Amino acid sequence: MADEKGNFDWAAPDEEVHRFVNDLERPVGTYLYGRRMYEVMSYWEDVAGVADQPAFVRDFGQIWQAADKVVYSKTLETVSTGRTRIERDLDPEAVRVLKATAARDISVGGPELAAQAIGAAGLVDEFQLFVTPVLVGGGKSAFPKGLRVELELLSEHRFANGVVYLHYGTRAVRC
């Protein structure tokens, strides 16, 4: 997910990938974020004010701003974005209720929060992975140690820049 210095700029999407991501994100009504991922994503709150942004970038900003955001953090005191609230801990039962009652999709962002949601909580039904043609050793893993999830390929898409999108549904989770 990130290199040894915490960077993931090597995975910045080109226009084709960005437009594809925009279409994937349109159905999302709620983002569940860890603190660090929220801080990165909060850039999108004011992207319209950044000069010379292409239409596909502004489009993602509008998609992101229209969704609710829940930030799971023990340290964050306030949020800097609209439609955002802080929760101190991931409550699997509360997320199950949200999943059962949500009219739109829910997305989990941030490796530590995702590890909790995927692992013992078993809250993640689908995985959307972008494989970038860059090898990165060390750094932050996207998945928790000891996790085994059996997957079923639902769709895939290849991009001109070498990126491959893989969409999987879960069959079984074992920790």
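Leaving aside neighbours within four places in sequence, T81 is in contact (heavy atoms within 4.5 Å) with Y38, S42, E45, W64 and K69. The structure is a predicted model, in which local features need pLDDT of at least 70 and side-chain atom pairs count only at pLDDT 80 or more, while totals for chains, interfaces and linings use all residues. Residues are numbered from 1 along each chain as its sequence is written, and side-chain values use heavy atoms, with hydrogens and water left out.

T81 is found in the loop between β2 and β3 (84-87); helices (H or I, at least four residues) and strands (E, at least two) are DSSP runs, numbered from the N terminus. With a relative accessible area of 8%, T81 is buried (under 20%; exposed is over 50% and partly exposed in between, with a 1.4 Å probe and protein chains only). The T81 side chain makes polar contacts with the side chains of Y38 (2.7 Å) and T84 (2.6 Å). A polar contact is a pair of N or O atoms within 3.5 Å; within protein, one must be able to donate a hydrogen and the other to accept it, and residues adjacent in sequence count only if both atoms are side-chain atoms.

The buried residues of α3 are F56, V57, D59, F60, G61, I63 and W64. These buried residues pack against α1 (15-25), β1 (28-34), α2 (35-41) and β2 (68-72).

Most residues other than glycine have a negative phi. Phi is positive, however, in D52, near 60°, and in R83, near 55°.
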